Amino acid sequence: MRIDCKHVWDHISAYIDGEVDAQLRAEIDKHLETCEICSAVLDSTRNVVVLYADDRVFEMPAGFSERLHRFIDKELKSNFDLTGAE
Amino acid sequence: MKNAPNPEFEADCIRGILAGEKHLFHDLIRPCERPIFFLLMSILRNEADAEDAAQEAIVKIYRNLHLFRGESQFRTWALSIARNEGLGRLRKAETRREDSLDALSEDQTGDFTPAILTSWREVPNQALEQKELAAVLRQAIDGLPEIYRNVVLLRDIEEMDVRETAAALGITEGAVKVRLHRARALLQRSLAPRLKGFAPKRAGLFGWARTRKDESREDKSR
């Protein structure tokens, strides 16, 4: 069975995550061999996913961790009863 | 996966903290700081508010540690406390944003067709050395409706798996997959035209990037 472009787009995210079954994967691969549009859509989507995984896109504010751990220290010294007893 | 959780280490820390070795909480929470902060950024959309909420959420995590049963991963449990903190603050400031809580229903019909391209030159990760590219990527995330933003943040930015993302956000695994698919389609559509400029130029015959027109002209001349 030939699948159309729309069908490929519907599964593109699952395809990237390796979550489509073997038969569907084979059909999509076959479609991609001859469809330059779907190949470009897949490549660009995958490229976007790869870029977002890079820590440089979202950086923590400077000094966040230091401020947080100072805040935690204050709490640890407060003698809050951790056993949950009222 | 970033900062892959280590359940044994976590269990040891928690036992220790509850037995009085409170300082271990610093080590326990450290791997969760980044996802907690960015989840709160996604919900509150303001760095100062997100930092403040992260501190409050982390104190709640500490104070409720005896309630953690180990049925889920510690990070998942911590993230759900952070999410509640964020949503609670959002409710208090309800009028601030329109697309806040349930502006979008799950079966929302939207146009999730991708940007149609005929070729794609990969933008390598090294291009992120340009601050401008990172800014373009952040803006695109910021433009997503919240339900998609939270999912893409945990799945693609913090690289958590489907199961943990579902548990942290209190939604089904199916909903995670649907939202992630839509989020990626929306991101591809808004980013593809803008990212092209960050791809390395392939030098053509005359030293500039080849266009499809050049290529098809060459094909004909063969």
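Two packed helices are described by two values: the angle between their axes and the distance between those axes. Axes here are lines fitted to C-alpha atoms, and angles run from 0 to 180 degrees between N-to-C directions. Keep that in hand for the first stop. The model on your screen is predicted.

**Stop 1: H4 and H5 of chain B**

Select residues 47-63 of chain B, which form helix H4, and residues 74-92 of chain B, which form helix H5. Their axes lie 9 Å apart, and the helices pack at an angle of about 130°. That makes H4(B) oblique to H5(B). The crossing of H4(B) past H5(B) is right-handed.

Now show side chains. On the H4(B) side, pick out Asp49(B), Asp52(B), Ala53(B), Glu56(B), Ala57(B), Lys60(B) and Ile61(B). On the H5(B) side, pick out Phe74(B), Trp77(B), Ala78(B), Ile81(B), Ala82(B), Glu85(B) and Arg89(B). Color them by type.

**Stop 2: H3 and H7 of chain B**

Stay in chain B. Select helix H3, residues 33-44, and helix H7, residues 146-157. How do the axes of these two helices cross? They come within 9 Å and cross at roughly 160°. Angles over 145 degrees count as roughly antiparallel. H3(B) and H7(B) are therefore roughly antiparallel to each other. H3(B) passes H7(B) in a right-handed crossing.

Next, look at who meets whom. H3(B) brings Arg34(B), Phe38(B), Leu39(B), Ser42(B) and Ile43(B). H7(B) brings Glu146(B), Arg149(B), Asn150(B), Leu153(B) and Ile157(B). Sorted by type, the residues of this contact are 5 nonpolar, 2 polar and 3 charged.

**Stop 3: two loop residues**

Go to the loop between H3 and H4 of chain B and click Arg45(B). Check its backbone. Phi of Arg45(B) is near 60°, a positive value in a residue other than glycine. Arg45(B) is partly exposed, at 30% relative accessibility.

Then move to the loop between H7 and H8 of chain B, where Glu159(B) sits. Glu159(B) is not glycine either, yet its phi is positive, near 55°. Is Glu159(B) buried or partly exposed? At 29% relative accessibility, Glu159(B) counts as partly exposed.

**Stop 4: H8 of chain B**

Select residues 162-169 of chain B, helix H8. Why does H8(B) count as largely enclosed by the rest of the structure? Because 6 of its 8 residues are buried. They are Val162(B), Glu164(B), Thr165(B), Ala166(B), Ala168(B) and Leu169(B).

Zoom in on Leu169(B), in H8 of chain B. Leu169(B) is buried, at 7% relative accessibility. Leaving out residues up to four places away in sequence, Leu169(B) touches Leu39(B), Arg83(B), Asn150(B), Val151(B) and Leu154(B). Now draw a distance line from Leu169(B) to Asn150(B). The two are 19 residues apart along the chain, and their C-alpha atoms are separated by 8.0 Å.

**Stop 5: Asn47 of chain A**

Switch to chain A. Select Asn47(A), in helix H4 (residues 36-52) of chain A. Asn47(A) is buried, with a relative accessible area of 3%. Which residues does Asn47(A) touch, not counting residues up to four places away in sequence? The answer lies in chain B: Trp120(B), Arg121(B), Glu122(B) and Val123(B).

**Stop 6: the cysteines**

Finish with the sulfur atoms. How many disulfides are there over all chains? The count comes to 0. Start with Cys35(A). Its nearest cysteine sulfur, that of Cys38(A), is 3.7 Å away. A disulfide needs the two sulfur atoms within 2.5 Å. Cys35(A) is in no disulfide. Cys35(A) is buried, with a relative accessible area of 12%.

Cys13(B) counts as buried, at 3% relative accessibility.

Conventions. Residues numbered from 1 in each chain as written. Chains lettered and ligands numbered in written order. Predicted model: local features only at pLDDT ≥ 70, side-chain atom pairs only at ≥ 80, totals over all residues. Heavy atoms only, no water. Helix = DSSP H or I, 4+ residues; strand = E, 2+ residues; numbered from the N terminus. Parallel < 35°, antiparallel > 145°, perpendicular 65-115°, else oblique. Left-handed = near helix turned anticlockwise from the far one by under 90°. Contact = heavy atoms within 4.5 Å. Nonpolar A, V, L, I, M, F, W, Y, C, P; charged D, E, K, R; others polar. Buried < 20%, exposed > 50% of the residue type's maximum accessible area, 1.4 Å probe, protein only.
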